[in-house]
Amino acid sequence: MATRPQPITRPQPVSSPQPLPASAPRPTVIQLAIKEKGALYAAYIPSFIDGGIFVPSEREYRLGDDVYLLITLPGDQQRYPVAGKVAWITPPRASGNRTQGIGVRFPKDEKSSELKLKIEQILGTSLISDRATQTF
């Protein structure tokens with residue numbers, strides 16, 4: 001008696017579960033207390049049209065990352081909230097002995113415009129100084 005050959009069955013691929021849609025990562029929240037006018041001068045980025053601030057950080061960021069800042073200015077206990085974006089990155093071991101960190105561009109809104117004005121009032125004529133800053 002001859003046996004019938006069994007049909008060859010190929011293994012069927014196992015379907016893996018579909019990944020869940022990625023939700024937008026939450027912005028980093030950073031508290032930045034600037035206690036001296038000289039430190040504010042070094043951190044402020046007036047070349048950003050709507051203003052910006054340098055934040056020392058060893059964390060890795062990419063241009064365009066969302067960052068939420070709570071900024072305290074010299075002689076002022078109020079914390080100013082800013083929902084900005086990374087627009088400058090100073091990498092580790094940057095030339096000119098610059099501190100590693102990010103430049104956060106202020107958004108174009110009323111609160112950020114008021115903060116920019118407040119910073120520029122504190123800095124006054126030092127805004128036209130040739131002294132080095134953390135970014136330029």
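The five strands of the predicted model form an open sheet in the order β1-β3-β4-β5-β2, with mixed pairing. Strands are DSSP runs of E with at least two residues, helices are runs of H or I with at least four residues, and both are numbered from the N terminus; two strands are taken to pair if DSSP finds at least two bridges between them. β1 and β2 are the edge strands, each pairing on one side only. Neighbouring strands are turned by 40 degrees against each other on average, direction ignored, where the axes are lines fitted to C-alpha atoms and angles between N-to-C directions run from 0 to 180 degrees. Because the structure is a predicted model, local features require pLDDT of at least 70 and side-chain atom pairs pLDDT 80 or more, whereas totals for chains, interfaces and linings use all residues. Residues are numbered from 1 along each chain as its sequence is written, and side-chain values use heavy atoms, with hydrogens and water left out.

Along the protein chain the elements follow the order β-α-β-β-β-β-α, giving two helices and five strands. Of its 136 residues, 33% are buried, that is, under 20% relative accessible area with a 1.4 Å probe and protein chains only, while exposed denotes over 50% and partly exposed the range in between. Contacts are defined by heavy atoms within 4.5 Å; among those with a separation of 6 or more, 63% involve residues 24 or more positions apart.

Within the sheet, β3 and β4 are antiparallel and share seven bridges. L69 has V82 of β4 as its bridge partner, and T72 stands opposite R79 in β4. The loop between β4 (79–90) and β5 (101–105) contains R93, a residue other than glycine whose phi is positive, near 55 degrees. R93 is exposed, its relative accessible area being 80%.

On its other pairing, β5 is joined to β2 by five bridges, and these two strands run antiparallel; R105 in β5 is the bridge partner of G52. Strand β2 (residues 52–56) is largely enclosed by the rest of the structure, because four of its five residues are buried.

The largest nonpolar core comprises 24 residues, and those with the most contacts inside it are I53, V55, V67, L69, I71, L115 and I119. Such a core is a set of buried Ala, Val, Leu, Ile, Met, Phe, Trp, Tyr and Cys residues joined through side-chain atoms within 4.5 Å. Two or more residues each come from β1 (28–33), α1 (37–43), β2, β3 (66–72), β4, β5 and α2 (110–123). Apart from neighbours within four places in sequence, I71 contacts L32, I53, Q78, R79, Y80, V82, F106 and L115.

In strand β1, T28 is buried at 14% relative accessibility. Its side chain makes a polar contact of 2.6 Å with the side chain of R59. A polar contact is a pair of N or O atoms within 3.5 Å; within protein, one atom must be able to donate a hydrogen and the other to accept it, and residues adjacent in sequence count only if both atoms are side-chain atoms. Leaving out residues up to four places away in sequence, T28 touches R59, Y61, D66, V67 and Y68.
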